[in-house]
Amino acid sequence: HFFVIVFASPSLPAPSSSELQGELCLASRVLWGFRSCREVLSTMKYISTRGQTQPVSFQDAVIMGQASDGGLLIPETIPRVESKLESWRALSFHDLALEVIQLFVDDIPAADLKQIIARSYATFDCAEVVPVKRLAAVDVLELWHGPTLAFKDVALQFLANVFEYILARRNSSLNILGATSGDTGSAAIHGVRGKDRIRIFIMHPHGRTSPLQALQMTTVLDPNVFNMAVEGSFDDCQSIMKAIFSDAEFKSRYRLGAINSVNWARILAQTVYYFYAYFKVTSTEGGAPPPSAVSFCVPTGNFGDIFAGFVAKRMGLPIEKLLLATNENNILAKFFQTGVYQKGEVALTISPSMDIQIASNFERYLFYRFNCDAAKVREAMAEFSAKGCISVPLDGKQSVDPEFVADSANTAQTMATISSTFASEGYVLDPHTAVGVAVATRWLSSHGSGSGGGSEERRVG
C-alpha cells in the first residue's frame with residue numbers, strides 16, 4: 001500500500017485542481033517506479049554488536065557475513081509475535097518458515113522468498129522437514145533429514161539459495177570462506193556445490209572430524225569446491241577465518257562471504273524450528289492434554305543453535321528454559337554456572353562438532369546481556385582476545401541469566417545415554433543428541449517432572 005501525503009505551505013497559494021491533478025499523477029508514477037524496482041525498499045536493518053558498522057539491509061547482511069568492524073550482525077529490532085502464535089499453529093514447516101523469516105527480510109519479495117524456502121527443503125527426505133520424536137522423558141527434534149544428515153542442513157540449504165538469489169540479481173560472484181568442526185563444512189559444500197557464482201573454501205582440522213564428515217567434504221569434486229585440512233583444532237581454523245575477515249580491504253577485493261554461523265541468515269533459519277517444535281509438542285491432537293511449559297535442551301559448542309532459541313524466546317515464543325548442553329569442552333556451561341568465560345584446551349571427544357573452546361556466536365548473546373551496549377561488547381571482546389577470559393556479575397540469585405540452565409555430559413555419560421535409550425526405546429541417538437538428552441534427563445530428574453498429565457513439562461532435545 002502506498003500513501004501520498006500532500007504538504008501545503010501557508011505562505012504559498014493553494015494549487016489549482018489541474019496543478020494538483022498533475023502533481024498527483026507525477027507522484028503516482030514515482031511510486032510505481034519504486035514498486036517496479038527489482039529490489040524492495042528495506043526498513044529492517046542489521047547492526048553490529050560492536051556498533052561501528054553502518055546499518056545494512058538483510059541482503060547486504062548476508063553478503064557481508066561478519067560485520068566490517070569485526071563484530072556480528074543482528075537485527076536492529078526483534079519483532080514480537082505473541083498475537084500470531086495461534087494462527088501459525090497449524091502451518092506446515094514451509095509456510096511457518098515463510099511467516100517467521102519474512103519478519104526479518106523485507107528486501108526480498110514474499111513470492112521469491114517462498115520459492116527459496118521450497119527449493120531449500122526439497123532436498124530433505126521427510127515432508128515435515130524436522131519431525132518430532134516422542135520418547136519417554138523427552139521429545140527429540142530430528143534435524144538430520146537433510147542431504148548430509150547434519151542439523152546445519154536446515155540453515156545452510158536456505159543460506160546457499162539466498163546467496164544464489166542475491167548474486168544473480170546483483171550480477172556478482174562470491175568467494176565463501178568457512179571453518180568447520182565437521183558438519184558445517186559438509187552441509188555448506190552440499191549447499192553451494194555446482195552453483196555458478198559461488199566458490200567455497202572450507203578449512204577443517206585434519207584428523208579431528210568424523211571419517212564420514214571428512215569424506216562428505218573431500219570427495220566432492222565440483223570445480224567450485226576447495227577443501228583445506230589444517231593441522232590444529234577447529235578454533236585454529238576459526239581464528240584464521242576471523243583474521244582474514246577482519247582485513248576489510250582484502251575481504252572487499254576478493255568478495256569474501258561467510259557461511260559459518262557468524263552469518264545472520266543461518267541463525268534466522270534455525271529460529272523457525274523452535275516455533276515448529278513448540279507447536280508440535282503442545283498440540284492437543286489425540287486428546288492428550290498439552291504440557292504446561294516447554295523447555296529446549298540444546299547440545300552446542302559454537303552457541304549458534306541455542307542463540308536461535310534465544311531469539312525465538314525474545315520474539316515471544318513461550319519457552320520456559322533454554323538448557324545449554326556441552327561435552328568436555330564446557331566453556332559455555334561454566335560461563336552460565338559461574339559468570340566466567342575462560343578459554344581452555346580443546347578436548348577431543350566422540351561429539352566432534354562440539355569440540356570448541358571459542359564460541360563465535362557468544363558475542364551476539366553478550367550484546368543483549370550488556371543491554372545492547374556495543375561499547376561494552378567491544379571492551380569485553382578486546383579483553384578476551386588479550387587474556388582469554390572475561391567475566392560478568394551474577395544476579396541476586398547467583399545466576400548469570402535466569403533464562404538459561406547449563407550442564408555438561410562427558411564421554412562415558414554420553415555412551416551410557418546412547419545405550420540406555422536404545423535399550424528402553426529402540427531409538428538410536430547420535431553422540432551430539434545424546435549429550436543433550438543426558439543433560440535434559442538429569443535436569444528433569446532434579447526438578448521432579450514426571451511423565452503424563454497436563455502438568456507435565458516436555459523437553460525438546
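In the predicted model, A179 stands opposite M203 in strand β6. Strand β5 (residues 174–179) and strand β6 (residues 198–205) run parallel and are joined by 6 bridges; strands are taken as DSSP runs of E of at least two residues, and helices as runs of H or I of at least four, numbered from the N terminus. The model is predicted, with pLDDT of at least 70 required for local features and 80 or more for side-chain atom pairs, while totals for chains, interfaces and linings use all residues. Residues are numbered from 1 along each chain as its sequence is written, and side-chain values rest on heavy atoms, with hydrogens and water left out.

Strands β5 and β6 belong to an open sheet of 4 strands, ordered β7-β6-β5-β8 with parallel pairing; two strands count as paired if DSSP finds at least two bridges between them. On average, neighbouring strands are turned by 25 degrees against each other, direction ignored.

Helix α6 (residues 153–170) lies across β5, β6 and β8 and runs at about 150 degrees to β6, where angles are taken between N-to-C directions on a scale from 0 to 180 degrees, with axes fitted to C-alpha atoms, for helices over the stretch in contact. Helix α7 (residues 183–192) also packs on the sheet, touching β5, β6 and β7, and its direction makes about 165 degrees with that of β6; contact denotes heavy atoms within 4.5 Å.

Helix α7 is mostly covered, 9 of its 10 residues being buried. The buried residues of α7 are D183, T184, G185, S186, A187, A188, I189, G191 and V192. Their packing partners are α6, β5, β6, α8 (211–218), β7 and α11 (264–281). After α7 comes G194, with a positive phi near 80 degrees.

Strand β10 (residues 319–326) is mostly covered, with 6 of its 8 residues buried. The loop between α12 and β10 contains P318, which counts as partly exposed at 37% relative accessibility. When residues up to four places away in sequence are not counted, P318 touches L85, Y278 and V294. The C-alpha atoms of P318 and F275 are 9.5 Å apart, although 43 residues separate the two in sequence.

In the loop between β9 and α12 lies F303. F303 has a positive phi of about 70 degrees, although it is not a glycine, and is buried with a relative accessible area of 0%.

Packed helices are described by the angle and the distance between their axes. Helix α12 (residues 304–315) packs against helix α14 (residues 362–369) at an angle of about 30 degrees, with the axes 10 Å apart. Helix α12 is therefore roughly parallel to α14, on a scale in which angles under 35 degrees are roughly parallel, over 145 roughly antiparallel, 65 to 115 roughly perpendicular and the rest oblique. The contact brings F307, F310 and R314 of α12 against R364, Y365 and Y368 of α14. By class, these residues comprise 4 nonpolar, no polar and 2 charged; Ala, Val, Leu, Ile, Met, Phe, Trp, Tyr, Cys and Pro count as nonpolar, Asp, Glu, Lys and Arg as charged, and the others, Gly among them, as polar.

Because 7 of its 8 residues are buried, α14 is largely enclosed by the rest of the structure. Those buried are F362, E363, R364, Y365, L366, F367 and Y368. Just after α14, N371 adopts a positive phi of about 55 degrees. C372, in the loop between α14 and α15 (374–387), likewise has a positive phi, of about 60 degrees, although it is not a glycine. C372 is partly exposed, with a relative accessible area of 42%.

Over the chain, 17 helices and 14 strands are assigned. Of the 461 residues, 53% count as buried. Among contacts with a separation of 6 or more, 74% involve residues 24 or more positions apart. The accessible surface comes to about 20,300 Å², of which 55% belongs to carbon and sulfur atoms; areas were computed by the Shrake-Rupley method with a 1.4 Å probe, and for residues only the protein chains shown count as cover.

How values were computed
Buried < 20%, exposed > 50% of the residue type's maximum accessible area, 1.4 Å probe, protein only.
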